[in-house]
Amino acid sequence: MPTVAMTVNAKSVSGEVETRTLLVEFVRDQLRLTGTHVGCDTSQCGACVVHVDGRAVKSCTMLAVQCDGASVTTIEGLAANGELHPMQAAFREHHGLQCGFCTPGMIMSAVDIVNRLGVPSEETIREELEGNICRCTGYHNIVKAIGAGARVMNGGT
Amino acid sequence: MTATGIGAAVPRKEDKRFITGAGHYTDDMNRPGQAYAYFVRSPYAHAWVKGIDARSALAVDGVLSVLTGENLAADSIGGLPAGWAITSKDGSPMVTPPHPCLAQGKVRYVGDPVAVVIAETQKAARDGGDALSVDYEILDAVTETGQAQTASVRVHDEAPRNTAFEWEIGDKAATDAAFAAAKHVTTIDIVNNRLVPNAIEPRAALGEFDPGTDSFTLYTTSQNPHVARLVMSAFLNIAPEHKLRVIAPDVGGGFGSKIYVYPEETVCVWASRKVGRPVKWTAERSESFLSDAHGRDHITHAELALDERGKFLGFRVKTVANLGGYASLFATGVPTYLYATLLSGQYDIPAIHAEVDAVYTNTTPVDAYRGAGRPEATFVIERIVEVAAREMGVDPATLRKRNFVKKFPHQTPVIMLYDAGDYGASLAKAMELIDYKGFAKRRRKSAKNGKLRGIGFSTYIEACGIAPSQAVGSLGAGVGLWESAEVRVNPTGNVEVLTGSHSHGQGHETTFAQLVSDRLGIPIDQVEIVHGDTDKVQFGMGTYGSRSGAVGMSAIDRALDKVIDKAKKVASHLMEADPGDIEFKEGSFTVAGTDKSMAWAEVSLNAYTAHGISTAELEPGLKEGAFYDPTNFTFPAGCHICEVEIDEDTGVTEIVDYVAVDDFGTVINPMIVEGQVHGGVAQGVGQALIENAVYDESGQLVSGSYMDYGMPRADDLPSFRLGFTMTECPSNPLGIKGCGEAGAIAAPAAVINAITDALGHEDISMPATPQKVWQAVRSHRFAEAAE
Amino acid sequence: MYAFDYHRPSSVRQAANMLKSNGEAKLLAGGQTLIPTLKQRLAAPEVLIDLNGVEGLDVIELKGRTLHVGAMARHADVANSEVVKEAIPALAALAEGIGDPHVRHCGTIGGSVANNDPAADYPAALLALGATIHTNERKIGADEFFTGMFETALEDGEIITKITFPVPRRAAYSKFPNPASRYALVGVFVSKRGSEIRVAVTGAGADGVFRLPGFEDALSKRFAAKSLDGLTVDADDLNGDIHASAEYRAHLIGVMAKRAVAAA
């Protein structure tokens, strides 16, 4: 079995994997970072979204071996020094989650959206969430939370 | 109202773990030595299993065991029960044939589990499953609800005409008489489309056997772990109740689909002893589509009799409900007592008669899905009222107002006793919010842009907080529907509340703590809500039917009464006063008429040190429990109004505005309640516009993934505009009615009424996909041209 | 997913050799179609050859009046490229509408083109823009490249290296997404370059992407949506499924074509 080495949440990690091991399986089963979730098997729900080299990707649609040498951030790596990331705080403040299962992917996507687009409009946020499915919230408060988180990430309050 | 008490929009306590990835869902759990299960499922809708050859599967590297229905039978493991007894109108009992956890002889839907492969890894289990050789003799299948009773296919030998029961409710003679006197009769034929619940966390189970104590532990995605344990113990013979611990940790959404006991978790528990290893299974989404109980799937013919003024005289309904391949746990109660008892809607209808036939087909079993029967009832009554108004040329709001129940309590002809409500108030508020008066102008503006605009109402009612145990028992339910709570006060004054309710997104850790905070005057971070573990909570009925507030919190409230009562006695000993003179307010005990007082924590500490209390008169400690059984169902109601714009060229419907005004009685946390409405409406809009479980003739689920099943996404939905009215619920101490299902109940009718308003005719079924709307626009245009 | 061997070559030549020496090998580009297919066990390659280690395959540049897009250019790169936005804004807009942001971060133009999914967006752009597909062995015109559903003119061992697009004067793409999958139920790409008008349709054809000569003729008289009034598409050769009948797709082709022309 090949060995992969990568940086996950600013820590160097390595492990033996089958070539068919997905990044999400490596993260969940071998690194025991279970915040990244799997909600579908057709690469659509987005519960598994992580950042690889700074870009949001679906960790269920990438092989672990492809990430050899990459830098990966999962939901567990978002809060810094015990302080919630502004997007995490916004999701809590605006009730952007209910059962919490889609939430890690939703927040990782939200941070990526803001990284790319600054403070997007409601319409843009809704379009940008095409790859993240939530069954609980009707998206209403997720959209609100992302708008609020975007303002804080861009220096507002 | 305190900052964290009843009525405060407190951010949720549970969020911290979910937003940091620190939640613990079933698939996050791992046990030492754990093996993995893969279920081999029937690829055919209807077939005899002629033989299973496990040799090639067992030869796969890492495969430990292959188990089949024969092994289950050999171990005397029973089948899955149908828990709600329905009696047909001819007096015969319902027909519910055996439902084995792994097929025994026949498979009856695509996805019916045939065998389980246990292996060292998930991948090896899957490889073993792929290698397993199963010999099928394929049979013809029946999938269509409307064809089940006439098809030559027999799903179960025990059920002639594939019929489980032919049930009725109401007064046929009185209804016939009402129609005979009618000046106008409105008739509709409608389909309530089959839905797949799609909680984003797929179902999962991890069973473990401890040979030292002969006991099992099951971690599973359940909305009601105690009921799961009871069923596994009493019906399936997996283990005695006291030897089976069921833990439902963080659960990622349920919507009904995680109420039932399924084959998979049962098999994982049983197999853990067989292979001597913990056994874990997690569904892939494709499996969820095939194996989670589906929802809805009714076809209905309805007739409404009106007098010349539009007063409703009688209502006649005939429904055929699809049960799927087997009768799932609550399936038979859904299209009967959870459906037809709500057909009176918000209206005073003197006579109602409803008949419901439940049928077996070669499809995934159908059971309660968010709303469970009540969305189907609301769709029937709210569609027919809208159509009647259009036929009679009366404004749909006016026709509704003319027929609203205005005096309470109100006995409907279909069992329910409505206890409180103000339907006119929610209608008026919703009409104001959406600016009903300005609609004509908006419609003209849309027309200028080449769009068809429509507006639709849904003045829904539901029966929630299920329910008085005696009442549901008399109607055939197999269980009582009370709830339990235990309030444990620790010596330092903080509190643990053990509840039989289960949160899978509803925010109980916050709202329940708010109640405790409100009553004991302590901050919510001093309160821990414990749920979802049969070893911790003595018993509970779980969470569904919007019952956790009305029933679960009422149990906590009762237990808090007892705790406060006891604490007052402790305080009376300590302050040497008569217990009757002790007043408790905002966390402080005072002796009436004096300046003597003690803080909450002081009293709780003394309850445990017991130094200052006379233990001959009063036991030490501060812990009380309560079982609460409600006196009636609760009746949340309200008015939702939807406004749509249709692009005639493509058939695309856009929801341009959606207003929901709900009366949920007392609201504990408005932020959470609004979230429940948003989510419910989204599911209702999904049903109305894009969600549909479609089977082909051979019984394959064509919409078996997110590639083909339309899951509402963020850009399918608008931001919703919400309002509330309030009539207190008289049947529980907190005045709560429940809010979990309202959106899913109200929305489909509001959306379809808006679309039919825009189209100018009624000829469209759910889901109103772009293709159907385009056809509906076109067919009507051709019809007009032909005239 | 079935087990497979994994290779990560660093050059196209190395990749081509691996492809030739392994009968049941597949190239892995963005993986956004291939990996879901493998997960569903709908394909069982013995070897995966990952092109993500090959340098220089993702270059986007304008040379004269020709836009060059490297095969490994991600959809997000094409969507955000100032070069593409300047030269062929319709192509950038199309890329911006493929899948979702996560897919766009991974998926590549070469992968999409080689897969030739009948509901993919890029094939319509290539056909309508008269693009040329460059491989390690030859150049293939778009008209010859797309040969049927999931079928292309690529031979065994052939690897797409880049796509070149002559810059049109006007172009636009209009997509009607499948309400469930969001793939193109119907997508129409129109372009005008000199006197040449091309109209290509994806999502609808039983054999994948195709051109509409009747629409092209009408538009060459006058490049305006009105020119398409009264034109119809024969539903016989179109796909029908639970989302859209062939008849509905035929209708949508007309609507999307008009919208594309109006936007071009």
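Trainee: Is Lys441(B) buried or exposed?

Mentor: Buried means under 20% relative accessible area, exposed over 50%, and partly exposed in between (1.4 Å probe, protein chains only). Lys441(B) has 63% relative accessibility and therefore counts as exposed. This is a predicted model, in which local features need pLDDT of at least 70 and side-chain atom pairs pLDDT 80 or more, whereas totals for chains, interfaces and linings use all residues; side-chain values use heavy atoms, without hydrogens and water. Residues are numbered from 1 along each chain as its sequence is written, and chains are lettered from A and ligands numbered from 1 in the order in which they are written.

Trainee: Where does Lys441(B) lie?

Mentor: Helices (H or I, at least four residues) and strands (E, at least two) are DSSP runs, numbered from the N terminus. Lys441(B) belongs to helix H12 (residues 439-448) of chain B.

Trainee: Is Leu236(B) buried or exposed?

Mentor: Leu236(B) counts as buried, because its relative accessibility is 0%. This residue sits in the loop between helix H6 (225-234) and strand S11 (244-247) of chain B.

Trainee: Which way do strands S12 and S13 of chain C run?

Mentor: Two strands pair if DSSP finds at least two bridges between them. Here S12(C) (residues 184-193) and S13(C) run antiparallel, joined by 7 bridges. They form a hairpin with 2 residues between them, and Gly194(C) in the turn has a positive phi of about 60 degrees. Within this pairing, Val188(C) is opposite Val201(C).

Trainee: How many residues of S13(C) are buried?

Mentor: In S13(C) (residues 196-202), 6 of the 7 residues are buried.
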